[in-house]
Amino acid sequence: MLRFIVRRLIITIPTILVVITITWGLIRLAPGNFYISEKAIPAAIEKNIREKYGLDKPWYEQYGHTIWNIVRHFDFGTSLKYEGQSVNAIIARSLPVSATVGILAYLLALVVGITAGSIAALKPNSKRDYASMALAMLGISIPNFVLGPILILVFSLTLYWFPPSRWNGFPSRNVVLPVLTLSGLYMAYIARLTRAGMLEVLRSDYIRTARAKGLSETQVVIRHALRGGLMPVVSYTGPALAFLVTGTVVVERLFVLPGLGSYFIQASLNRDEPLILGIVAFVAITLLLMNLLVDIAYAYLDPRIRY
Amino acid sequence: MKACQRGSIRRVYLKELIAAVTIASFVFGTISCSVVATPGDFYGNTTPPKRNILRYVNGDEPGSLDPPVSTGQPEARIYMALYQGLIEYDPRTFNAIPGLAERWDINNDSSEFVFHLRRNAVWSSGDPITAQDFVYSVRRGVSPALASQNAYLAFYINYAEAYFRKAVFAKDSKTNQFVLEKDVAESALSASPGATTSLASEYDSGVVGPESIQGPDVKASPGAETTFHQFMHSPPRLTLPGNEEARNKLLAKNPKLQAALEGKDFVPVSAEDIGVEAIDDYTVRISLSQPAPYFLGLLGHQLFRLAPRKIIEKYGDQWTQPEHIVTCGPFKVKEWLHYSELVVERDPLYWDAANVHLDEIHFFVSQDNPTSLNLYKVGEADAVLNHAVPNAWLQVVRPKKDYMDGAEAAIAFLNINVTKPPMNDIRVRRAFNMAIDKISYAKSRLVTKPLSAFTPEGIFVGYPQPKGDPFDPEQARKLLGEAGFPVTKQGDGFQCKAFPVGEVEYIFNTNSSNKSMAEYMQAQWKQNLGITVPLRSMESKTFLPARNKLEFKGFAVGLWAADYMDPFTFLGLFMTPDGSNGSGWFDPKYVAMLNEANLTLNPQRRYELLAKAEKYLLDNQPVIPIETFAVNWLKKPYVKGMYPNAASLYPWKFVYIERDSSKWDYGVPSLSD
């Protein structure tokens with residue numbers, strides 16, 4: 001097990017470098033640059049800007065410089081748009097925002113999704129099964145850029161219950177709508193996965209054995225069925241957590257949250273190379289680590305899996 | 001078994017689907033009801049904030065708090081709270097009013113300005129603000145190391161452009177005499193016919209600067225005489241490219257110039273050479289290389305707002321971080337919650353602090369118009385940025401009494417790439433212009449005004465704005481025919497078989513208003529000329545280089561907003577072949593006409609000459625003017641002292657919260673005093 005983890009961690013490093021290199025290349029291939037704006041600037045100004053940021057040097061030198069700073073000091077440099085702000089500092093202060101919203105949405109999705117899925121699975125084709133699965137279907141088919149505005153319209157602009165946007169720390173009323181919007185899809189998906197997993201498991205031999213042993217239905221469901229029934233949920237929620245924590249572009253932009261997702265989309269639009277590289281690297285690392293955690297969780301949940 | 005299972009799944013899905021649709025229709029039903037019901041004179045909540053603060057939705061997260069650096073409007077508005085310049089803008093008319101300078105003197109050809117600073121102005125750190133601070137700020141603003149995108153606004157100042165370009169003077173090491181432009185005038189300038197007229201193109205190779213457009217030598221300048229002042233008024237020195245390779249290349253092309261510079265030393269143009277001078281601690285003199293009557297109005301621009309030398313030298317690029325920053329405006333930084341809000345509070349040390357009404361301003365970040373308006377509607381914000389009202393919302397929002405309407409010093413137009421056929425033919429360009437019904441277009445946009453000239457409609461008082469060709473499809477078809485592309489009648493419409501549609505397209509950066517504009521133009525040309533110009537929508541950072549480098553054929557959308565309140569800020573676009581000239585049209589005659597106008601001392605006569613140049617521009621039709629924008633934003637009725645001025649910039653110290661509802665604004669506040 002330990003060897004497995006170490007091996008996976010070592011593979012992470014070259015993977016990240018490849019990701020950074022590809023991203024760097026894509027940014028360079030994209031037309032435009034960080035300083036171009038509606039008012040075009042005279043050639044002399046452009047020349048001085050290029051010199052200031054070392055863009056007049058050959059590409060391999062610029063690439064080498066970037067990679068060296070990342071490898072050596074884990075330093076992505078300073079943002080080109082946000083003068084004087086280091087990429088590391090931007091990530092450090094936007095991560096907590098994304099993580100707060102993401103983890104809350106994740107927990108909400110897990111609690112509601114697993115509950116709804118289990119309820120549905122315990123009495124398949126009953127009214128409550130249809131009701132919860134109908135909601136789940138709605139959740140899956142309504143994208144968050146539609147769900148968000150609907151929630152804003154109803155709960156903010158009509159009922160005046162929650163602010164329509166902006167971040168105000170946690171806990172605050174501002175958190176409610178983004179968390180609901182973000183968790184919608186995951187909640188629905190988890191509910192469906194749980195239902196499917198549970199249905200499968202409830203029909204299996206070891207559940208029959210458990211019942212035959214005379215265990216109470218609660219014990220059967222919680223101790224035995226849920227553990228097996230959640231396997232598909234686990235493999236789904238690992239990467240889902242990574243995405244949720246590292247920011248979701250749509251929801252953060254919709255609610256003007258100062259999270260990684262907002263910065264990422266703005267950095268891409270601004271062609272802010274250091275910031276793009278920093279966020280991509282960070283997201284990639286988180287994703288790889290989450291996948292590792294999923295594998296470990298698998299081994300824990302399913303006694304048949306050994307590394 | 002399998003088939004049976006699939007059947008039951010299908011049934012399950014069907015039931016779920018019905019339930020889902022029921023829920024969805026219920027939700028949408030509630031929403032559509034709530035959209036219809038928006039009663040009241042104002043858009044949303046009108047409860048004033050409990051504290052004496054203004055919550056302003058400002059758009060993008062500011063890039064930097066360093067005044068000369070950023071070019072965006074959100075930053076410009078923040079700089080107006082945090083920093084002051086020699087002058088401030090009048091909140092209504094946008095004319096220059098005293099700022100850091102109590103009063104000023106201008107010589108009679110507007111090429112030299114002397115400012116008398118107030119003695120009670122201090123930085124937020126308590127240090128006094130002196131003339132040296134201004135000199136430092138300008139030198140820093142145009143320094144090549146800072147590489148500010150705004151630097152071009154200071155290029156009127158003597159030798160500022162040469163300094164920015166890292167140019168050099170040529171000096172005789174024995175006599176210590178600098179080589180003057182007139183010494184080499186014959187060899188350098190007569191080498192190209194029409195010396196002054198081809199300035200712009202020559203300038204890029206570094207031969208001559210705007211220094212050579214010396215106006216009439218009007219010595220009657222106010223302020224004490226100094227050695228520096230004599231230097232400013234001595235004949236302009238020759239400036240050459242600082243880069244040795246570029247310089248040698250230039251000299252190799254021009255043997256006479258090379259001979260004249262034989263054995264001379266090259267001295268870099270330094271910050272100390274540019275035309276800003278502290279005569280004493282409280283007097284500043286600015287010497288321009290040419291008369292520029294509008295220069296006074298430029299001094300309120302962020303490039304000329306003061307930056308604190310001590311702090312910058314101590315902290316480098318970290319000086320704008322809230323823990324280090326020192327400012328000089330009516331407000332100072334209280335808290336910066338990145339990507340959420342910048343909070344500024346009244347600076348008690350500001351010289352006019354007693355007349356600053358607000359305790360705090362919260363500049364909110366928001367990239368999307370609906371988001372901004374939502375905040376406004378529920379009463380979380382007191383005012384929103386210009387152009388925040390989406391077109392589709394105008395029907396609902398515009399009749400409200402808190403909707404701000406007014407002329408704006410900004411225009412939309414189409415650049416035509418005149419370097420490629422068939423658009424290199426003036427007749428074709430005129431035909432495309434005359435085939436557009438701009439009046440109907442402006443009507444469909446609800447708030448804008450149709451534009452036939454290149455300067456905005458109704459902004460410059462007393463300017464005899466010329467008229468471009470009117471909407472005349474008949475004449476347009478005739479012109480196309482003359483150019484070799486006969487338009488024939490076909491059914492109800494027209495067709496133009498000879499026209500090479502593959503050689504033109506219409507490019508624009510993706511947004512909904514550009515898209516509807518493109519579709520309108522396309523429809524007009526189809527209807528009136530029988531030509532369907534293909535449209536191409538591009539992401540903004542892809543679009544801009546394509547337009548600026550003329551890598552398009554046909555038409556490219558252009559927008560321009562005034563840097564200062566003078567027609568020249570629009571007409572000057574075609575002074576150089578590069579930069580914001582997105583059409584490739586460059587005519588020495590036009591440049592000469594503008595130069596002549598700017599050398600004219602009588603303001604009315606100058607306007608007439610500018611108008612003549614504008615007419616010449618319109619006759620050549622490198623652009624198709626479309627519309628003059630209108631300001632388009634909201635402020636709560638209790639926000640007073642904020643006006644829909646033409647530049648959408650607000651001197652914040654005049655803004656206050658009125659709690660007495662009888663004194664509220666019920667409509668657009670008047671712009672006249």
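Q: In chain A of this predicted model, what share of the contacts with a separation of 6 or more joins residues 24 or more positions apart?
A: Chain A of this predicted model holds 13 helices and zero strands, and its C-alpha atoms fill a box of roughly 85 × 55 × 30 Å along the principal axes. Among its contacts with a separation of 6 or more, the part that comes from residues 24 or more positions apart is 73%.

Q: How many helices and strands does chain B have, and what percentage of its residues is buried?
A: Chain B has 21 helices and 24 strands, and residues 24 or more positions apart account for 73% of its contacts with a separation of 6 or more. Of the 673 residues in chain B, the buried ones make up 48%.

Q: Are helix 1 and helix 13 of chain A roughly parallel or roughly antiparallel to each other?
A: The axes of helix 1 (residues 2-29) and helix 13 (residues 273-301) of chain A come within 9 Å and cross at roughly 150 degrees. An angle over 145 degrees counts as roughly antiparallel, and helix 1 of chain A and helix 13 of chain A are therefore roughly antiparallel.

Q: How many residues in the contact of helix 1 of chain A with helix 13 of chain A are nonpolar?
A: The crossing of these two helices of chain A is right-handed, and the residues that make the contact include A:Ile5, A:Val19 and A:Trp24 from helix 1 and A:Ile276, A:Val280 and A:Leu288 from helix 13. Three residues of this contact are polar and two are charged, while the number of nonpolar ones is 14.

Q: Which hand does the crossing of helix 4 of chain A with helix 10 of chain A have?
A: Helix 4 and helix 10 (residues 231-245) of chain A pack at an angle of about 155 degrees with their axes 8 Å apart, and that makes them roughly antiparallel. As helix 4 of chain A passes helix 10 of chain A, the crossing is right-handed.

Q: Which helix of chain B gives the most residues to the side that touches chain A?
A: The contact between the chains takes 53 residues from chain B and 47 residues from chain A. On the chain B side, helix 1 (2-36), helix 12 (369-377) and helix 18 (540-548) each supply at least two residues, and the residues of that side divide into 23 nonpolar, 20 polar and ten charged. With twelve residues, the helix that gives the most is helix 1 of chain B.

Q: Which hand does the crossing of helix 14 of chain B with helix 16 of chain B have?
A: The axes of helix 14 (residues 426-434) and helix 16 (residues 473-482) of chain B come within 8 Å and cross at roughly 160 degrees, which makes the two helices roughly antiparallel. Their contact includes B:Arg427 and B:Met434 from helix 14 and B:Pro473 and B:Glu482 from helix 16. Helix 14 of chain B passes helix 16 of chain B in a crossing that is left-handed.

Q: Is A:Arg166 buried or exposed?
A: A:Arg166 has a positive phi of about 80 degrees although it is not a glycine, and A:Arg166 is found in the loop between helix 6 and helix 7 of chain A. Because A:Arg166 has 22 C-beta neighbours inside 10 Å, it counts as buried.

Definitions and conventions:
Residues are numbered from 1 along each chain as its sequence is written. Chains are lettered from A and ligands numbered from 1 in the order in which they are written. This is a predicted model: local features need pLDDT of at least 70, side-chain atom pairs count only at pLDDT 80 or more; totals for chains, interfaces and linings use all residues. Axes are lines fitted to C-alpha atoms, for helices over the stretch in contact, and angles run from 0 to 180 degrees between N-to-C directions. Helices (H or I, at least four residues) and strands (E, at least two) are DSSP runs, numbered from the N terminus. Angles under 35 degrees count as roughly parallel, over 145 as roughly antiparallel, 65 to 115 as roughly perpendicular and the rest as oblique. A crossing is left-handed if the near helix is turned anticlockwise from the far one by less than a right angle, and right-handed if clockwise. Two residues are in contact if their C-beta atoms, placed from the backbone, lie within 7 Å. Ala, Val, Leu, Ile, Met, Phe, Trp, Tyr, Cys and Pro count as nonpolar, Asp, Glu, Lys and Arg as charged, and the others, Gly among them, as polar. A residue is buried if 20 or more other C-beta atoms lie within 10 Å of its own, exposed if 12 or fewer, and partly exposed in between; C-beta atoms are placed from the backbone.
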